[in-house]
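Please open the model in the viewer and keep a residue selection tool at hand.

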Amino acid sequence: MAKAEQPQSIKPQANDLVNEQVRKLFEAYLEQNSHRKTPERFAILAEIYAYAGHFYIDALLAHMTAQGHSVSRATLYNTVDLLIDCNLVRKHQFGDKVAQYEKC
């Protein structure tokens, strides 16, 4: 039974480490490119990296609004564009369908 509990206790620490590394990469990117480091940008980053799989911008906006975050659609799109530029998010668009995104 101890073996079954071990991966569960290791997983949050591993996720915390990944999230901290991702945050540092994003901070460095923002500094190098003279962008502001705002709480909204880091909240968006955290929500994306907490989500498993692909996501749509509108679904992410609805989720963040439901969680009590005050983020505009423009801020969300602009931040996702920054995350794409620094290779933390990947965009998928097939034909004329709505774009899907995923963390890298």
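**The whole chain**

The model is predicted, so local features need pLDDT of at least 70 and side-chain atom pairs count only at pLDDT 80 or more, while totals for chains, interfaces and linings use all residues. Residues are numbered from 1 along each chain as its sequence is written, and side-chain values use heavy atoms, with hydrogens and water left out.

Helices (H or I, at least four residues) and strands (E, at least two) are DSSP runs, numbered from the N terminus. From that end, the order of elements is α-α-α-α-β-β. The chain has 104 residues, of which 30% count as buried; buried means under 20% relative accessible area, exposed over 50%, and partly exposed in between, with a 1.4 Å probe and protein chains only. Among contacts with a separation of 6 or more, 46% join residues 24 or more positions apart, contact meaning heavy atoms within 4.5 Å.

Two packed helices are described by the angle between their axes and the distance between the axes. Axes are lines fitted to C-alpha atoms, for helices over the stretch in contact, and angles run from 0 to 180 degrees between N-to-C directions.

Select residues 39-50, helix α2, and residues 73-85, helix α4; their axes come within 10 Å and cross at roughly 70 degrees. The two helices are therefore roughly perpendicular; angles under 35 degrees count as roughly parallel, over 145 as roughly antiparallel, 65 to 115 as roughly perpendicular and the rest as oblique. The crossing of α2 and α4 is right-handed. A crossing is left-handed if the near helix is turned anticlockwise from the far one by less than a right angle, and right-handed if clockwise.

Show the side chains at this contact: α2 supplies Glu40, Arg41, Ile44, Leu45 and Ile48, and α4 supplies Thr75, Leu76, Thr79, Val80, Leu82 and Leu83. By class, the contact of α2 with α4 has seven nonpolar, two polar and two charged residues. Here Ala, Val, Leu, Ile, Met, Phe, Trp, Tyr, Cys and Pro count as nonpolar, Asp, Glu, Lys and Arg as charged, and the others, Gly among them, as polar.

Ala43, Ile44, Glu47 and Ile48 of α2 meet Leu60, His63 and Met64 of α3. Five nonpolar, one polar and one charged residues make up this contact.

Now select α3 with α4. Their axes come within 10 Å and cross at roughly 120 degrees; the two helices are therefore oblique to each other. The crossing is right-handed. On α3, select Ile57, Asp58, Leu60, Leu61 and Met64; on α4, select Arg73, Leu76, Tyr77 and Val80. This contact has seven nonpolar, no polar and two charged residues.

**The nonpolar core**

Which residues have the most contacts inside the largest nonpolar core? Select Phe26, Leu45, Ile48, Leu76, Leu83 and Leu88, within a core of 25 residues. A nonpolar core is a set of buried Ala, Val, Leu, Ile, Met, Phe, Trp, Tyr and Cys residues joined through side-chain atoms within 4.5 Å. The elements giving two or more residues to this core are α1 (2-32), α2, α3 (57-66) and α4, and α2 gives the most, with six residues.

Centre the view on Leu83. Leaving aside neighbours within four places in sequence, Leu83 is in contact with Phe26, Leu45, Ile48, Leu88 and Val89.

Finally, select Ser34, in the loop between α1 and α2. Ser34 has a positive phi of about 55 degrees although it is not a glycine, and it is exposed, at 70% relative accessible area.

Asn87 lies in the loop between α4 and β1 (89-92). Asn87, likewise not a glycine, has a positive phi of about 60 degrees and counts as exposed at 58% relative accessibility.
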